[in-house]
Amino acid sequence: MTQLGWNANLPVRTISKFTLIEVLGGNMSESKVYYMDAHSESTETALSSKMITVFDAAGLDEMIKPNDIVAIKVHCGEWNNSAYLRPLYARTLADRIKELGGRPFVCDTTTSTYSPWGSRSSEIDILQTAERNGYSSATLGCPFICADGIIGPSDFVVDIPEGYILKEAYVAQAIAAAAALIALTHFKGHSMGVIGGALKNLGIGAQSKRGKFNVHMGGHPSYGLGAAGVFHPENFKGKANTPDWEILEDCCPFNLYHINEKDELEWDGDKCANCLGCFGVMGPRGLMDIPPIQFDAVDAAIADACLGVEKAVGRGKVGYINMALDVSPACDCAGHADVPIVPHLGVFASTDAVAIDMACVDKAREAEGIKGSKAELMEAHHVGDKKFEAAAATFHSQSEVTSINTGHEIGLGSRNYELIECEPESPERFRFPYDKRPSRQRFGAKFEKFQPFPYDKFDGKGFNRLDVVDLDKVKHHYEDDSEVVNVEQPTSSEN
Amino acid sequence: MQSGQEMLEDTISSCREISQDLASQNESWAKSIDEIVEKFEEISNTFFFQTMPSVPPTRTAMREAATLLEAKTSGDWASFETQISTLISSAQTVIEKAGMKGTTLT
């Protein structure tokens, strides 16, 4: 037995294991994705149990060696978001990694200042937001850290000559320094990425802040906002007619927007880092045409940057778990969460970021959209509809497979996959680990000493209650039948 | 899928047809439809109508304008009276949402 009481002698699995050698052997024509659906009716089919089952089935356990520092990359959720993954999953995974001899830490990274009021743009911000959302060393049983430093320049630069757009990536230092990395991803939609899956969890989420500017096309001569955006200062109506004019300057942490002495709005677009902070301020006011092509370029660059992470940590040392639950149309970086667009899709694991995201997209296409969700509002709720393009994307032209196809093109992984459904393991493995004895063994003596049932009262029945009542009366749906049957109340057996 | 901007243009086009000679039937109705056209032209081509979130509210207005046009064409003024109220309400929703208050794009 292990420290936490899990039985190390695991039952024989009903599926064959996909070894790391197969992944690294160069045959990327078809990857394996291990999967369990989202139904749960027992301890071993609890979603946290399923997560561990697919983790082991995919061979991710074999990536962890004794004393390895293992990064678990999560999205801890923006302030007021409520769709992000419950900390339970990261805790369960951290416990499994400890069981394997590794030293896990759970992490997220500082965000770009994509909103003037973001809650994860510095290490202090992210730690406070994470704690509010339930991610802390106390809940996780291991450190929760910000992987790219106090403001976000702490990184490790890696060359990616294979990249489709990017030729270098700036990987958050704590992640690059890890011996192994598990991307524990909440699979959902994303307004820029269209899907927020494994590729984005690392392609954006594992980049330092300047790494994010790189992926977001800051300063890019074709796709950056400075190059592709069209500024419309003529639509600025002057301070006097713009009661909240200050936000036009304050939305940019690089101080690139100014209202000059002539009451004209100016923008130093050449220096734009593409932090995205002005998008929601300038776009709706007609002061900036936000270029859809930038979104497409970012989606391609996400796969490049994900490859950068694999190269920084070591190819074959990165595993992926996608929890396709609460599939909200917007990312967890939004300060809210809308009705999920499809039912829970299930739990996936793979060594291939491209394949695992493709499998989730396919499952979403196979599913019926949820009534009342954005999928239905967009009339993209039918089986076969491309739900993320309709319900998650910002622009009509965006594709839910851009990052996936790019990852396939550059050799990060394969969009062709075999989906392998895993059988549940023994419930014994997933029971409360601190004391696995059944109740009498645990509580028999304690109950004798601290008797919780008052056998000495009410003729041994313990409590003051009526013997019989009319339960049909309170089960009755009165809106179905106005006739109310009055029943005489029985008396108590004892007072 | 039709874009929000295309749907807005269709709505404006339907409303223009509805507006023709409508004053002879009811001046107040004609004034309301003209106001919708005016306001929709004002917000046409703004950022909101380039985005996917513009689709649901604009589609609703577009369909209601088409239904209203049918009622006018068939001379079903009893239905028209009910449906014009529905269109006015939907148009107000479109105008409100076009402001994109609190929008964050990431």
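Let's start with helix 1 of chain B, which covers residues 4-19, in this predicted model.

The buried residues are G4(B), Q5(B), M7(B), L8(B), T11(B), I12(B), S14(B), C15(B), I18(B) and S19(B). Just after helix 1 ends, have a look at D21(B), which takes a positive phi of about 60°.

Next, move to the place where the two chains meet. Here 21 residues of chain A are in contact with 19 residues of chain B. The size of an interface is often given as the accessible area lost when the parts come together. Between chain A and chain B the buried area is about 1800 Å², and carbon and sulfur atoms give 62% of that. On chain A's side, P284(A), M378(A) and H396(A) supply 34% of the area buried against chain B, more than any other three residues.

There are polar links across the interface too: the rule finds two salt bridges, along with three residue pairs in polar contact, both residues being at pLDDT 80 or more. Helix 11 (279-282) and helix 15 (387-391) of chain A each bring at least two residues to the side that touches chain B. Sort that side of chain A by class and you get 12 nonpolar, seven polar and two charged residues.

Finally, let's zoom in on E379(A). You'll find this residue in the loop between helix 14 (374-377) and helix 15 of chain A. Leaving aside neighbours within four places in sequence, E379(A) is in contact with D385(A), R59(B) and R63(B). With R63(B), E379(A) forms a salt bridge, the closest N and O atoms being 2.6 Å apart. The side chains of E379(A) and R63(B) also make a polar contact, again at 2.6 Å. Back within chain A, A391(A) is 12 residues away from E379(A) along the chain, and their C-alpha atoms are separated by 9.1 Å.

Note on methods: Residues numbered from 1 in each chain as written. Chains lettered and ligands numbered in written order. Predicted model: local features only at pLDDT ≥ 70, side-chain atom pairs only at ≥ 80, totals over all residues. Heavy atoms only, no water. Contact = heavy atoms within 4.5 Å. Buried area = accessible area lost by both parts, 1.4 Å probe. Salt bridge = Lys/Arg side-chain N within 4 Å of Asp/Glu carboxyl O. Polar contact = N/O pair within 3.5 Å; in protein donor to acceptor, adjacent residues only side chain to side chain. Helix = DSSP H or I, 4+ residues; strand = E, 2+ residues; numbered from the N terminus. Nonpolar A, V, L, I, M, F, W, Y, C, P; charged D, E, K, R; others polar. Expected span 1.5 Å × (residues − 1). Buried < 20%, exposed > 50% of the residue type's maximum accessible area, 1.4 Å probe, protein only.
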